[in-house]
Amino acid sequence: MMRIGIGYDVHKLVVGRALIIGGVNIPYEKGLLGHSDADVLVHAIMDSILGALALGDIGEHFPDNDDQYKDISSLILLERVYNIMKEAKYRVGNIDATIIAQKPKMSPYIGNMRENIARVLKAPLSSINIKATTTERLGFEGRGEGISAQSICLLISDS
Ligand SMILES: Nc1ccn([C@@H]2O[C@H](COP(=O)(O)O)[C@@H](O)[C@H]2O)c(=O)n1
Ligand SMILES: C[C@@]1(CO)OP(=O)(O)OP(=O)(O)OC[C@H]1O
């Protein structure tokens, strides 16, 4: 059996925070604000997997008032979502995700992001696609106030 899920997340850009997207530390004058490392792409991917499993969202699994998640790498949370998926006897068929950011340029980092996500999800690199787009300066992403990400995933049952 196959199941499909979508995920969407937004974080605010502020000075004094690291910009971590897809587990890659991207040099930039601002970073994303959040309780964890605020990795907006990994959050959207986790929500798409949990969505496919009909198991709610990351806020339910990793509450943002729990000190154990303060500044945690979202790749660690992704590994926990992987374990939940494995327990349910599913594996990733494919993931397609989009980062919506006016700046900075994501293209030099996309390869490393794909490698990080494929490694944690124990999925072939060819099953993970990550794209980036500006919004032609329109909206909150276009004004540089924040970055959003969207993900869709297909899970395949192992049983
Ligand atoms: N933050 C971003 C946004 C976009 N890109 C790449 O640039 C290409 C053109 O973007 P448009 O928004 O003008 O369509 C796009 O294909 C992305 O590959 C990027 O690297 N970083
Ligand atoms: C990841 C969690 C937990 O540290 O915190 P944030 O980094 O604030 O991210 P958000 O996208 O609001 O989602 C869920 C949270 O519970």
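**Figure 1. The buried residues of helix 4.** In this predicted model, helix 4 spans residues 110–120, and its buried residues are Met113, Arg114, Asn116, Ile117 and Val120. Looking down the axis of helix 4, you will find these buried residues within an arc of 160°, so they line one face of the helix. The partners that the buried residues pack against are strand 2 (19–21), strand 3 (24–26), helix 1 (40–52), helix 3 (74–87) and strand 6 (128–133). Just after helix 4, look for Lys122, which takes a positive phi of about 50°.

**Figure 2. The largest nonpolar core.** This core has 41 residues, and those touching the most other members are Val40, Leu41, Ile45, Met46, Ile49 and Ile99. At least two core residues come from each of strand 2, helix 1, helix 3, strand 5 (90–100), helix 4, strand 6 and strand 7 (146–157). Helix 1 gives the largest share, 9 residues.

**Figure 3. A close-up of Ile99.** Which residues is Ile99 in contact with, leaving aside its neighbours within four places in sequence? They are Ile21, Leu41, Met106, Ile130, Ala132, Ile147 and Ala149.

Figure 4. Around ligand 1 you can find Ala101, Lys105, Met106, Ser107, Ala132, Thr133 and Thr134. Sorted by class, this shell holds 3 nonpolar, 3 polar and 1 charged residues.

Figure 5. An unreviewed UniProt entry lists residues 2–155 as "domain: 2-C-methyl-D-erythritol 2,4-cyclodiphosphate synthase". Over residues 2–155, the chain is 30% helix and 31% strand, and the end C-alpha atoms are 6 Å apart.

Conventions. Residues are numbered from 1 along each chain as its sequence is written. Chains are lettered from A and ligands numbered from 1 in the order in which they are written. This is a predicted model: local features need pLDDT of at least 70, side-chain atom pairs count only at pLDDT 80 or more; totals for chains, interfaces and linings use all residues. A residue is near a molecule or strand if its C-beta atom, placed from the backbone, lies within 6 Å of it. Ala, Val, Leu, Ile, Met, Phe, Trp, Tyr, Cys and Pro count as nonpolar, Asp, Glu, Lys and Arg as charged, and the others, Gly among them, as polar. A residue is buried if 20 or more other C-beta atoms lie within 10 Å of its own, exposed if 12 or fewer, and partly exposed in between; C-beta atoms are placed from the backbone. Helices (H or I, at least four residues) and strands (E, at least two) are DSSP runs, numbered from the N terminus. The arc is that of the directions from the helix axis to the C-beta atoms. Two residues are in contact if their C-beta atoms, placed from the backbone, lie within 7 Å. UniProt positions are given in the numbering used here, feature names are shortened, and annotations may be inferred rather than shown by experiment. A nonpolar core is a set of buried Ala, Val, Leu, Ile, Met, Phe, Trp, Tyr and Cys residues joined through C-beta atoms within 7 Å.
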